[in-house]
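Here's a quick tour of a two-chain model, starting where the chains meet and then moving on to confidence and a couple of side-chain pairs. Have a look at the structure first.

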Amino acid sequence: MKKDKTNRTKRIMAIDDEEDFLKLVKLNLELNGRFKVFTLSGAEDIISHIYDFKPDLILMDLLMPGIKGLDACGMLKKDPRIKNIPIIVLSALDKDIDKHRAYEVGVVDFLSKPITAEELIDRIEKALAS
Amino acid sequence: MLINLRTKVISITVGILFLAMGVLTILSTNLFKREYSKVLIENGFVIGRNLEIQLDRLLRLGIYIKDLIGFDEQCKSIVEEYSYISYAMIADLDGIILFHSDPIQRGKTITEEAALKAIRSVEESVYISSLDDDKYQSMVIPILNPYGEHIAAAIIGFPMELIVEATTRLVNYSIWIALVSFGIAILFLVFSLSLWVTNPLRKLMDAIQEIREKGVLTARVNVKSRDEIGQLASTFDNMTEELQKTTTSIDNLNREVVERKKAEEKYRIQFEGALDAIFVADAETGILIDCNPAATILVGREKPELIGKHQSILHPPGRIIEGEFTKTFKEHLSKKKGQTIETQIITKNGEVREVAIKASLLEIEGIKVMQGIFRDVTEQKRAEHRLQAAYAQLKETQDQLIQAEKLNAVGQLASGVAHEVKNPLGIILQGVSFLEKDVESKKAPETKDVLDTIKSNVHRADNIIRALVDFSRAGKLILEPQDISSVIESSLFLVDHKIKIANIKIIKELQKDLPKVLIDKNRIEQVLVNLFLNAIQSMTKEGKLFIRAYTTQLNMVKKGIGRRSEDIFRPGETAMIIEVEDTGIGISEKDLNRVFDPFFTTKGPRHGAGLGLAVTKNIIGMHSGLIEMQSKLGKGTKVIVILKLKKEAA
């Protein structure tokens with residue numbers, strides 16, 4: 001995906017096993033008016049969904065049933081058409097080792113739950129701007 | 001000796017025998033000589049009288065004597081008949097030989113005075129005549145004529161030599177018989193001496209010898225004879241038996257004496273060499289009568305200083321009095337066994353020492369004495385105290401360990417549930433965020449306030465979870481040599497805005513050229529931020545925050561820095577000191593002891609979980625460091641962190 005610095009609506013893909021969390025993140029981001037959010041409750045078939053949705057940024061949970069977030073990130077980073085999409089980890093984990101691993105895989109930011117909508121939007125915008 | 005005795009007896013016997021024999025010989029020889037000559041003289045007289053009778057018969061025929069012819073033949077026949085007769089003759093009173101057995105002699109005149117005197121005597125008489133050097137015994141019988149006139153004398157003679165010869169023969173014979181008899185007698189004497197005297201004596205001697213040389217008192221003579229020697233032997237045997245009995249009892253006595261001496265010596269050796277102090281005192285008066293070298297060492301007094309003194313000299317005044325001594329004594333009498341008293345003694349230079357005394361009652365030469373064995377238990381007591389202290393410390397450490405384990409378990413649990421809790425918190429916060437936007441348009445300030453409350457409490461819950469997880473993180477430190485000044489700077493940077501808000505003045509006193517120290521930078525930052533935040537929160541307005549860092553040589557680890565301080569730091573070791581001092585409200589002495597306890601807080605529920613200092617201490621502990629807090633209410637608080645300066649870090 002090409003980087004786009006225009007003010008058009010940004011497409012955010014959020015993957016998390018917590019349906020409630022996804023629902024509220026979607027509400028908060030879309031309420032802001034600058035984001036279009038697509039949610040996935042698991043990392044299965046993530047690549048085809050990315051092809052379909054074409055997100056500008058991916059919010060990735062780490063601890064999920066089935067495919068783990070870091071593994072999914074690794075998969076995405078191997079796909080040349082996807083690898084440039086910035087990934088932000090948004091997880092309940094916050095240990096240094098988790099952060100270290102995540103950055104090694106190539107994520108741009110690591111956010112720990114709980115997080116306010118303001119901070120989330122702030123970090124997403126920073127990631128998109130870089 | 002025995003032979004000597006026999007020889008002596010025999011010699012004496014032989015001597016006596018020979019003496020007797022000699023005397024007897026002399027006596028018997030004289031006797032025999034006399035008797036024999038008497039017999040010969042008597043016989044001579046008889047023969048002479050026969051000759052006189054023959055002549056008288058002729059004379060009675062009226063023949064004149066001088067006319068007789070052939071009377072020589074009569075004389076001659078007598079000499080022939082009696083061989084021992086040398087001559088027979090008739091002589092007239094003038095001494096003229098009228099008839100002679102040797103006719104040649106007829107007509108010769110006898111001139112010898114003794115012979116003439118005898119011839120002229122009217123009595124029968126004898127005389128000894130010498131003729132041609134030989135001596136002759138002559139018997140003279142007067143011859144009367146029929147008228148009774150003395151006219152001549154018949155003379156019969158025999159040689160004196162005859163008597164000597166006979167005597168000699170007899171003596172020789174007697175001597176021979178005597179010698180043989182002596183010989184037999186001596187043999188018998190020897191035999192009987194052996195049988196009755198020497199053999200029993202030898203037995204006696206042997207027995208004596210055996211007793212004397214070998215000391216065998218069972219030796220017996222066993223002589224059954226009833227004589228004096230037998231009696232002697234049996235007396236000896238009885239005596240030996242008595243001696244044996246006496247000796248046995250003396251031996252037993254000696255053995256007893258030796259054993260007693262040995263026992264005494266053994267006691268003395270034990271007494272003198274005993275490691276424990278031993279005092280012996282008169283049981284009645286309590287006056288010391290003996291003590292061993294260990295005792296003098298124990299009380300630091302020489303023996304002469306102790307002997308004769310009352311035993312109370314050993315004890316601190318008022319500690320053991322005479323009464324207690326007596327009590328021990330009485331109890332000992334009734335129970336018949338020693339009892340141990342724990343008490344104190346006092347040395348010459350006034351040092352009081354703890355002792356255990358085992359007292360026992362003895363009797364020495366009829367005097368009842370109390371023997372006290374003193375064992376110095378001062379060190380033991382001290383060791384016991386130390387042990388008790390160590391045990392108490394161990395117990396405390398154990399309690400802490402248990403608590404730490406519990407906390408660790410809580411931490412583990414927290415770590416496990418953190419994710420589960422954080423997710424709902426995340427949802428709540430997202431929900432709040434949404435509602436805030438929604439409320440904003442509706443202008444409802446109360447709802448906004450409620451949402452703020454929810455939001456702050458989500459953060460509070462999140463902080464608790466975070467702190468719990470931090471606390472449980474006992475994982476490996478990422479140790480790297482760090483410049484502590486820059487760590488302090490970066491930590492200050494993290495709290496910069498809060499410092500500015502509170503208008504606090506930072507005063508840094510950092511030693512120049514500080515060596516690098518081996519630490520986990522993030523953790524130490526966490527510690528410093530924690531300490532800075534605590535300091536900031538304690539200062540309500542315009543406080544001062546002193547931050548110091550320097551190296552120092554630890555002389556003695558300060559009291560209160562940490563219980564295991566001795567283990568962590570050695571005196572003389574150089575360490576890095578970081579001090580964070582504020583001018584805040586301070587902490588009460590009561591609370592000061594608990595500030596490092598988990599979940600202890602003075603700030604109220606809004607400001608934290610009470611885990612900050614517990615985590616801080618944990619991190620410092622993981623660095624093998626120490627943390628200490630000093631505080632005074634209203635004056636401020638000083639936190640001192642001591643970190644090891646490892647060689648690699650220098």
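Predicted model: local features only at pLDDT ≥ 70, side-chain atom pairs only at ≥ 80, totals over all residues.

## Where the chains meet

Chain B and chain A bury about 2,000 Å² between them, with carbon and sulfur atoms giving 61% of that area. On the side of chain B that touches chain A, the elements that put in two or more residues are helix H9 (378–442) and helix H10 (445–472) of chain B. H9(B) supplies the largest share of that side, at 14 residues. Sorted by class, the side of chain B that touches chain A has 6 nonpolar, 8 polar and 7 charged residues.

In residue terms, the contact takes 21 residues from chain B and 21 residues from chain A. How many salt bridges are there between chain B and chain A? The count is 0. Polar contacts do turn up, though: 6 residue pairs between chain B and chain A, both residues at pLDDT 80 or more.

For chain B, the mean pLDDT is 82, and 90% of the residues reach 70 or more.

## Salt bridges

Over all chains, a search of the whole structure comes up with 32 salt bridges. One of them pairs A:Glu125 with A:Arg34, whose closest N and O atoms are 2.0 Å apart. This pair links distant parts of the chain, 91 residues apart: A:Glu125 is in helix H5 (residues 117–129) of chain A, while A:Arg34 is in the loop between helix H1 (19–32) and strand S2 (35–40) of chain A.

## Aromatic pairs

The tally of aromatic pairs over all chains is 8. Take B:Phe18 and B:Phe182: their ring centres are 5.5 Å apart and their planes sit at 70°, so this pair counts as edge-to-face.

Terms used
Residues numbered from 1 in each chain as written. Chains lettered and ligands numbered in written order. Heavy atoms only, no water. pLDDT = per-residue confidence, 0-100. Contact = heavy atoms within 4.5 Å. Buried area = accessible area lost by both parts, 1.4 Å probe. Salt bridge = Lys/Arg side-chain N within 4 Å of Asp/Glu carboxyl O. Polar contact = N/O pair within 3.5 Å; in protein donor to acceptor, adjacent residues only side chain to side chain. Helix = DSSP H or I, 4+ residues; strand = E, 2+ residues; numbered from the N terminus. Nonpolar A, V, L, I, M, F, W, Y, C, P; charged D, E, K, R; others polar. Phe/Tyr/Trp six-rings, centres within 6.5 Å; stacked < 30°, edge-to-face > 60°.
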